[in-house]
Amino acid sequence: PFLLKLPPGSPRLAGTERRLATAMLLEQGGRQLPRQPMALVVPEAIRDLWDRCGLSSEYVDKCKAQEQRALTPVAVAGHSLPVAVRDFALRSMMAITSAKRMSPHSWFQAASLLDTYSQRAAGNIEMLPATCVCLVRLLGKVDCSMINDEGSTWLPLAQQMAQRLAVIGFQVPDITEDILSRHELMICQALDWQLNPVSVSQWISMFSTRFNLLSYSNSYQDRLALAEHQALFFARVFVMREELSMHSSPFDLALGLFCLSLVRAQLIPLDNLCLPEVTLSEMQAVYMQSQACETIPLCVLRDEQVFAVLDMVQVAACSRIDMMQQTTQSVMQSLAAALGDIHQMQHSLGA
């Protein structure tokens, strides 16, 4: 759903060049064990395509550095929101981004900003309606999609959230446009004016697009689209459950989900993502719990193709195989715990 299409006039690899480059990849991959990092040489034509799509390796590194700075704890730290309150805030921002017809990425960005702001500012729950509305409004201002959307259209959204909080016992002050404007400035200062984070969904889209362009003939495009859809579905589950932080960054979450989705799309065998200290049977058990399935997907590719895919994933995500294994294991465990809690809650409600 988020795969970028090639822009008009993009350079195309000639058939002979494409076959030679693909043969080079397969030959290189076939000489390496899948758990070893690969120094893959990316053809100039592919680097040009990445640049034209705004997805160069330098841009990926810059986004990773920006994310690390944003998630670094500050001297005067705030506190995490209670689980139920954070859930209320995320669902409210989901409704706001939908009402404003914003990009599907916007909710993920708002969630990331909310977690960062909560960790940096000593705010209170009573101001949560203003915080949620201001965060979404700031995202609209940053991407210039709502430059003419006046404040009067946002104020009712904050007031509706305030009414819902008041019903469950919170003392929420009357929210005015002046309060929203002043609170918006406070948020900007607390976030050090870093208002356009790369969200989990954008990282997933970035990995998918870079991989798709790197695969030359787009022979994996259908399975890759399925993998991206799967990764985005579980990304929403994860973000609703866990706060994003240095220990669970959007980049790490996206990398783990992307690898898991490639297993589900039958492009990578699960055992290639197994940590050395984890047995395959243990990983298979956690995988089935995390994906709510009873079988392990069988990879449809030949061994030499699997090696090439693993190499291309490392290049597309600017990562190493050990990092892919670590994030995959961590994300699997978190998803398994999340789905376990959901099943337990459903069982309790049924009882």
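The legends below describe close-up views of cavities, pockets and helix contacts in a predicted model.

**View 1. The largest cavity, with about 160 Å³ of space.** Gln66, Glu67, Ala70, Ser112 and Pro197 are the closest to the centre of this cavity, out of 14 residues that line it. Both α3 (57-71) and α5 (104-120) give at least two residues to the lining. The largest share, five residues, is supplied by α3. By class, the lining has eight nonpolar, four polar and two charged residues. In the model, the count of cavities of 30 Å³ or more is four.

**View 2. The contact of α3 with α9 (residues 200-214).** The two axes come within 12 Å and cross at roughly 160 degrees. Angles over 145 degrees count as roughly antiparallel, and α3 and α9 are therefore roughly antiparallel to each other. Their crossing is left-handed. On the α3 side the residues are Ser57, Tyr59, Val60, Cys63, Lys64 and Glu67, and these meet Trp203, Met206 and Arg210 of α9. Five residues of this contact are nonpolar, one is polar and three are charged.

**View 3. The second largest pocket, with a volume of about 290 Å³.** Its lining consists of 15 residues, and those nearest the centre are Leu55, Tyr59, Val198, Gln202 and Met206. Two or more lining residues come from each of α3, α5 and α9. Seven residues of the lining are nonpolar, seven are polar and one is charged. Tyr59 and Met206 also take part in the contact of α3 with α9.

**View 4. The contact of α4 (residues 83-99) with α5.** Here the axes come within 9 Å and cross at roughly 145 degrees. The crossing is right-handed. From α4, the contact involves Arg86, Ala89, Leu90, Met93, Met94 and Thr97. From α5, Ser106, Trp107, Ala110, Ala111, Leu114 and Asp115 take part. The residues in this contact comprise eight nonpolar, two polar and two charged.

**View 5. The largest pocket, with about 350 Å³ of space.** Eleven residues line this pocket, and Asp87, Arg91, Met240, Arg241 and Ile342 lie nearest its centre. The elements giving two or more residues to the lining are α4, α10 (221-241) and α14 (321-350). The lining holds seven nonpolar and four charged residues, with no polar ones.

Terms used
Residues are numbered from 1 along each chain as its sequence is written. This is a predicted model: local features need pLDDT of at least 70, side-chain atom pairs count only at pLDDT 80 or more; totals for chains, interfaces and linings use all residues. Side-chain values use heavy atoms; hydrogens and water are left out. On a 1 Å grid over the protein atoms alone, a cavity is a set of points where a 1.4 Å probe fits but cannot get out, and a pocket is an open set with protein on both sides within 12 Å along at least five of seven lines; lining residues have an atom within 4 Å of a point. Grid points are joined across faces, edges and corners, and a volume is the space filled by probe spheres set on the points. Helices (H or I, at least four residues) and strands (E, at least two) are DSSP runs, numbered from the N terminus. Ala, Val, Leu, Ile, Met, Phe, Trp, Tyr, Cys and Pro count as nonpolar, Asp, Glu, Lys and Arg as charged, and the others, Gly among them, as polar. Axes are lines fitted to C-alpha atoms, for helices over the stretch in contact, and angles run from 0 to 180 degrees between N-to-C directions. Angles under 35 degrees count as roughly parallel, over 145 as roughly antiparallel, 65 to 115 as roughly perpendicular and the rest as oblique. A crossing is left-handed if the near helix is turned anticlockwise from the far one by less than a right angle, and right-handed if clockwise. Contact means heavy atoms within 4.5 Å.
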